[in-house]
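The following exercises ask the reader to trace selected features of a protein model step by step. Each task is followed by a worked solution.

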Amino acid sequence: MKTLSDLRNENPMGKIALLRLDLNVPMQDGKITDETRIRKSLPTIKALCDMGMAVLILAHFGRPEGEVKSEFSLAPVAEYTAKLLKTEMPLLSALQRPDLSSGQVAMLENIRFHKGEEQNAPDFTAKLAEMGDVFVNDAFSAAHRAHASTAGLAHYLPAYAGLLMEEELNALHAVFAKPQPPVMAIVGGSKISTKLDLLSNLIEKTDILVLGGGMANTFLKAQGQDIGPSLCEDDMLDTARHITIKAKDMNCTLILPVDEQLHEGKIFDIGPKSVANICSAIDGVKTIIWNGPLGVFEMPPFDKGTVQVAQYVAAKTQSGALISVAGGGDTVSALNKANVTEQFTYISTAGGAFLEYMEGKVLPGVQALIDGETVKKSKTVG
Ligand code: ADP
Ligand code: MG
C-alpha cells in the first residue's frame, strides 16, 4: 500500500489530490456536537498542501440515498473545517475538475447526493477521477463500504493511504493481530440492521459479548420481553435468535441488560444492575472492544450507563489490567463527554469499519489501496 511518503517522493507539486475523508460527525440542530473526525483529518490535508498540491475533499454526511437533500448538506462541516484550517474553502457542487492552485483546499458537496457513489458505478467513478490527479484515502471509518469514493477511485488514479488511515491500521494491527484473551466486545447504538449481522462473526472472536442501547432491545424482544415502543427492528428478530443460539454453541457469553431506564415508555438506557453486571464481567477479561453507546447519551440522565461503564473501563486500563479499544462517531462523542478518551488504550474514529476489521475481514477500501498499485488502468503521476 502506498502512503504519503511515497506520494511526496513522486513530486506532486501543483497536482490535485482527491482526498476522501470521513467527516460524518455527530450533529444536533445543525450544530456539530463532536469534532473528533474533523480534527483527525487535518494532518493529511496540511501534509498534501505542504507538498504543493491542491486538495479536493470528498466526504459524505448521513444517508441522503442518492438525492440532493438540503438537510444532508456538508455546508456546516465545510465551514467548521475551514475555520480549523484557517483558510477559505469553497463547497463545490459540480462534478467538474476544479480550478485550484497549489495549497488551495475545496470540498465537494455530499458525495452521497449522487446515486453512483454507493453503487460504485464505473461511469460515476470515472467522472470523479477526472476531477483530480491522485486519490488519497484517509477515511478508514468508511473503508468497510465499497463505494466509488472509498474504494472505486483507487482503480482509476494512483492511490495512497492518508496519515489517519495509516495510523488506524497500525494501531488496530498492534492490538488485534494477537489479542490478549479473554476478549469482550461491547456493542450498542442504534444502527441495528447494519451491525447485527456482523455480531454473528464477532462471537467467534470473543469470549463475552455485551449488548446495550438499541441493539439490545431487538434481543430482549426476541426472547419474549415486552419492550413497548422502544427502538427495535422487527425484521431482525430471527437474526437475533440465531445469534443467541450461535453464541451458546461457540461458548461466547451473551450479556443483555437486566434493568432499564425508560423515557416516555421507551428504553433509553441500561439500569444500575446491568451496569454492575457488565463491570463484574469486565473484571474477568484482558481485552475490550467497544462500539455503540449503551443508551441515548445525548440526553442526560440517559448517558449514565455509558458513562459509568466507560469510567470503569478507563480505570482498569490505567491500572494496566486491560487493553481497551473503542470506536464509532457517537461512541467517541459519548466517551469525550465522559472525559475518558485519553485513558483508553486506543480510540478509533471508526465504528462499523472497526467492527468489521475485528471480525477479520479485509475492508474493501483498504483492499482497493493494496490492489490499486497493480491495476493496469492506474496512471502514474505526471
Ligand atoms: P456509532 O456512531 O458509535 O457507531 P451508532 O450510530 O450505532 O453508534 O449509535 C449511536 C446512537 O444510538 C446514539 O445517537 C444514541 O442516542 C442511540 N441509542 C443508544 N441507545 C439507544 C436506545 N436504547 N434507544 C434509541 N437510541 C439509542
Ligand atoms: Mg453513529
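A pocket, as the word is used here, is an open set of grid points where a 1.4 Å probe fits, with protein on both sides within 12 Å along at least five of seven lines. The model under study is predicted.

**Exercise 1. State the volume of the second largest pocket and describe its lining.**

Step 1. The volume of the second largest pocket is about 260 Å³.

Step 2. Its lining consists of 14 residues, of which F176, Y357, M358, G360 and K361 are the closest to the centre.

Step 3. The greatest contribution, 3 residues, is that of α6.

**Exercise 2. Determine the strand order of the open sheet of 6 strands and identify its edge strands.**

Step 1. Read across the sheet, the order is β5-β6-β4-β1-β7-β8, and the pairing is parallel.

Step 2. An edge strand pairs on one side only; here the edge strands are β5 (91-92) and β8 (159-161).

Step 3. Consider next one pair within the sheet. Strand β1 (residues 16-20) is joined to strand β7 (residues 134-137) by 4 bridges in the parallel sense. In one of the bridges, A17 has V134 of β7 as its partner.

**Exercise 3. Describe the surroundings of ligand 1 and its polar contacts.**

Step 1. There are 18 residues around ligand 1, and S190, K195, E298, D330 and T331 come nearest.

Step 2. This shell divides into 5 nonpolar, 9 polar and 4 charged residues.

Step 3. Both α8 (213-222) and α12 (329-337) supply at least two residues of the shell. The element that gives the most is α12, with 3 residues.

Step 4. A polar contact requires a pair of N or O atoms within 3.5 Å. A polar side-chain atom of N291 lies 3.1 Å from an oxygen atom of the ligand. For I267, a backbone N or O atom is placed 3.1 Å from a nitrogen atom of ligand 1.

Step 5. On its own, ligand 1 has 580 Å² of accessible area, and the protein covers 89% of this area.

**Exercise 4. Which strands form a hairpin with 2 residues between them, and which residue in the turn has a positive phi?**

Step 1. The strands are β12 and β13. Strand β12 (residues 260-263) and strand β13 (residues 266-270) run antiparallel and are joined by 4 bridges. In one of the bridges, Q261 has D269 of β13 as its partner.

Step 2. The residue in the turn is E264, with a positive phi of about 50°. E264 belongs to the loop between β12 and β13.

Step 3. Most residues other than glycine have a negative phi.

**Exercise 5. Where do cis peptide bonds join P181 to P182 and P300 to P301?**

Step 1. The cis bond between P181 and P182 has an omega of about -10°. P182 is located in the loop between α6 and β9 (183-187).

Step 2. The cis bond between P300 and P301 has an omega of about 10°. P301 is located in the loop between β14 (287-291) and α11 (304-318).

Step 3. For context, most peptide bonds are trans.

Key. Residues numbered from 1 in each chain as written. Chains lettered and ligands numbered in written order. Predicted model: local features only at pLDDT ≥ 70, side-chain atom pairs only at ≥ 80, totals over all residues. Heavy atoms only, no water. Pairing = 2+ DSSP bridges. Near = heavy atom within 4 Å. Polar contact = N/O pair within 3.5 Å; in protein donor to acceptor, adjacent residues only side chain to side chain. Areas by Shrake-Rupley, 256 points an atom, 1.4 Å probe, with all protein chains shown as cover. Nonpolar A, V, L, I, M, F, W, Y, C, P; charged D, E, K, R; others polar. 1 Å grid on protein atoms, 1.4 Å probe; cavity = no way out; pocket = protein on both sides within 12 Å on 5 of 7 lines; lining within 4 Å. Points joined across faces, edges and corners; volume = space filled by probe spheres on them.
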